[in-house]
Amino acid sequence: AYPDGVDGEWNFVRAVPGYDETRDDLAFLVALIDHIAETHAVDLTRVYLAGFSNGGFMVHRAACEDPTHFAGFAVVAAAAFGGMQDVCTSELPAPMILIHGTADENVPWDGTGVTRDGQPIYITYPIGTTFSYWASVNGCEQDATTRDFPALDAATSVRALTVTCPEGTAVTLYGVLNGGHNWPRPDLEPYSGSGAVNHDIDAAREIWNFFEPLSREQGNSLTP
């Protein structure tokens, strides 16, 4: 299913101080799952959520507020955001794969922020901090191992970082070195404002490989 938010935007900052929009897009996503399951043969223990950019921020919101309806989460070109601490009410693990370009100018790898009263405040957090956050939530070790993918050209390359986690609660980061704000794919051509495209991996295939072994009982814990 390929849902879209109102006017093409997801309200991932609902109830975050400083934002007025009250639309509950997580409730919409859960209602959509229930609606589809009424007419299609859906295994509700194997529902997954993936998003790009604004959609990726919505995935972070769903994973941190109420992950019980989803067995796994995938975020491409989005980061943890300021105010998550005010809306992240769940203490359940959320298996997470992150894919992000180090040269992303829309959602910078090192985060975006402002200074208020002499203190830095993040609007979007650094990707390293985002990765560490989910590793902590899932009870994983903080030391990561790395794996480099064979590079097809000199423009970009991919390095995967993984941490040791309890069974079924994996957290993985694919750092696309010099990659821009786009979805890595072998046949994707660069487009305006997206930066360099990586052709070494197919993000959709990598995400499915991450999702495939994961399941979660609805409203309950993850199962191997």
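In which helix does aspartate 25 lie?

Analyst: This is a predicted model. Aspartate 25 lies in helix α1, which covers residues 25–39. The relative accessible area of aspartate 25 is 3%, and because buried means under 20%, this residue counts as buried. With neighbours within four places in sequence left aside, the contacts of aspartate 25 are Glu9, Trp10, Asn11 and Met58.

The aromatic side chains come next. The whole structure holds 11 aromatic pairs. One of them joins tyrosine 133 and tryptophan 134: the ring centres are 4.9 Å apart and the planes stand at 75 degrees, so the pair is edge-to-face. The cut-off for that class is an angle over 60 degrees. The two partners can also be described by their accessibility. Tyrosine 133 is partly exposed, at 30% relative accessible area, whereas tryptophan 134 is buried, at 1%. Elsewhere, ring pairs link Tyr48, Trp208, Phe210 and Phe211 into a cluster.

Tyr19, Val114, Ile121 and Ile123 make a nonpolar surface patch of about 310 Å². Of these residues, isoleucine 121 is placed in strand β5, residues 119–124. Isoleucine 121 has a relative accessibility of 33% and therefore counts as partly exposed. Aspartate 25, by contrast, is buried at 3%.

How values were computed. Residues numbered from 1 in each chain as written. Predicted model: local features only at pLDDT ≥ 70, side-chain atom pairs only at ≥ 80, totals over all residues. Heavy atoms only, no water. Patch = residues over 30% accessible without salt bridge, like charges linked within 9 Å, V, L, I, M, F, W, Y side chains within 5 Å. Areas by Shrake-Rupley, 256 points an atom, 1.4 Å probe, with all protein chains shown as cover. Salt bridge = Lys/Arg side-chain N within 4 Å of Asp/Glu carboxyl O. Helix = DSSP H or I, 4+ residues; strand = E, 2+ residues; numbered from the N terminus. Buried < 20%, exposed > 50% of the residue type's maximum accessible area, 1.4 Å probe, protein only. Contact = heavy atoms within 4.5 Å. Phe/Tyr/Trp six-rings, centres within 6.5 Å; stacked < 30°, edge-to-face > 60°.
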